[in-house]
Amino acid sequence: MSTQHDRDSELAEQVASRLMDVLIRAGLILALVMLCFQVFAPFLNLMIWALILAVTLYPMQVWLAARLGGRQGLAATLIVLLGAAVAVVPTAALMNSLGDSVQGLITGVQNNTLVVPPPREGVGNWPLVGDKVHSFWMRAHTDLPALVQSMQPKIGNLAKGALGFVAGIGTGLLQFLGSLIVAGIMMAFGESGARAIRSIFQKIIDGPRGAQFADLSTATIRAVAKGVLGVAFIQAIIVGLCLLVAGVPWAGVLAVIVLVLGIAQVPAVLVTLPAIAWLWSSSDY
C-alpha cells in the first residue's frame with residue numbers, strides 16, 4: 001500500500017509540474033500576443049487596407065508580370081508607382097488650389113477688397129431660414145469687415161475645424177500611400193502568400209472546404225472593391241453633370257479628379273467647394 005501511495009504521489013507531482021509548465025508557457029504566449037498586438041495596433045488599419053488593395057489589384061499584377069517576363073517585383077513596383085501618381089497628383093493640385101483660394105480670401109478680408117454680391121430678392125422667401133439668410137447676406141454685402149469682426153470667435157473655431165479637416169485628409173492620403181506600398185510587397189510575393197493563406201484556411205477548416213472559404217474571401221473582397229469603384233464612378237458622373245450644368249470650366253477634368261478621389265476614399269468636397277467659391281465670386285450663383 002505504501003508503494004502504491006508513493007507512486008500516486010509521484011504521479012500527482014508530475015502532473016502538477018507539467019500543468020504548471022503548461023500554464024507558464026500559456027501565460028508567456030498570452031503576454032507575447034498582447035505585447036505584439038499593442039505594437040501592431042497602430043498599423044492595423046494600414047495592414048487591413050494593404051490586404052484589401054493587394055487582393056483587389058493582384059489580377060492586374062498577374063497580367064502585368066506575364067508581360068514583363070514573370071518579374072513579379074517589377075510589376076508590383078509599377079503598380080505602386082502608378083497608384084501613387086494617380087492618388088497624389090490630383091490631391092496635391094487640389095490642396096494647392098484650395099490653399100491659394102483660402103489665402104486670397106484672407107487677404108481680401110484683411111485689405112477690405114473682397115466684394116460679396118448682393119442677395120437675390122427670392123432668398124428672403126426661402127422657408128424657415130429665408131429672412132436670416134437674407135439679412136446675413138446683406139450685412140456681408142454692405143459691411144463685410146464689421147461682420148467679420150463680430151463673428152471673430154466663430155471664425156476662429158471654423159478655421160480650427162478646417163485645419164483639422166485638411167490634416168485628416170493629409171493623414172488619410174499618407175495612410176493610403178503606406179497601404180499601397182505594403183500591398184505592393186504583398187503582391188510581389190503573391191503566389192507564396194496565396195499558398196500560405198490556403199494552408200491556414202485548410203488547417204482551420206478541415207478538408208477541401210478550407211480552399212473554398214479562401215476563394216470565397218478573395219471573391220468577397222474583390223466584389224466590395226468593385227462596389228467602391230462603382231460608387232466613385234457614379235459620384236463622378238453626378239458631380240461632373242452638375243458642374244457642366246452650372247457652367248464651371250473644365251467640368252470633365254474635375255469629374256475625373258472626383259473619380260480618383262472617390263477611389264482613394266477622399267471627400268469630393270475638395271472639388272465641389274472651390275467650384276462653389278468660383279460660382280460665388282463670379283456673381284453667377
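## Axes and angles

Helix axes are here lines fitted to C-alpha atoms over the stretch in contact, and the angles between N-to-C directions run from 0 to 180 degrees. In this predicted model, helix α2 (residues 44-67) and helix α8 pack at an angle of about 90°, with their axes 9 Å apart. Angles of 65 to 115 degrees count as roughly perpendicular, and α2 and α8 are therefore roughly perpendicular to each other. On the α2 side the contact is made by I52, V55, T56, Y58 and P59, which meet T218, I221, R222 and A225 of α8.

## Packing of α7 against α8

Helix α7 (residues 190-204) also packs against α8: the two axes come within 7 Å and cross at roughly 125°. The helices α7 and α8 are therefore oblique to each other, and their crossing is right-handed. From α7, the residues R198, F201 and Q202 take part in the contact, while α8 contributes G210, A211, F213, A214, D215 and S217.

## Packing of α8 against α9

The axes of α8 and helix α9 (residues 251-263) come within 8 Å, with a crossing angle of roughly 155°. Because angles over 145 degrees count as roughly antiparallel, α8 is roughly antiparallel to α9. The crossing of this pair, α8 and α9, is right-handed.

In α8, the residues in contact are V228, L229, A232, F233, Q235, A236, V239, G240, L243 and L244. Their counterparts in α9 are A251, L254, A255, V258, L259, G262 and I263.

## A nonpolar surface patch

Helix α8 spans residues 209-246 and includes L241. Together with F233, I234, I237, I238 and L244, L241 makes a nonpolar surface patch of about 610 Å². Two members of this patch, F233 and L244, are also among the α8 residues that meet α9.

Note on methods
Residues are numbered from 1 along each chain as its sequence is written. This is a predicted model: local features need pLDDT of at least 70, side-chain atom pairs count only at pLDDT 80 or more; totals for chains, interfaces and linings use all residues. Side-chain values use heavy atoms; hydrogens and water are left out. Patches are made of residues with over 30% relative accessible area and no salt bridge: like charges are joined within 9 Å, nonpolar side chains (Val, Leu, Ile, Met, Phe, Trp, Tyr) within 5 Å. Accessible areas come from the Shrake-Rupley method with a 1.4 Å probe; for residues, only the protein chains shown count as cover. A salt bridge is a side-chain nitrogen of Lys or Arg within 4 Å of a carboxyl oxygen of Asp or Glu. Helices (H or I, at least four residues) and strands (E, at least two) are DSSP runs, numbered from the N terminus. Angles under 35 degrees count as roughly parallel, over 145 as roughly antiparallel, 65 to 115 as roughly perpendicular and the rest as oblique. A crossing is left-handed if the near helix is turned anticlockwise from the far one by less than a right angle, and right-handed if clockwise. Contact means heavy atoms within 4.5 Å.
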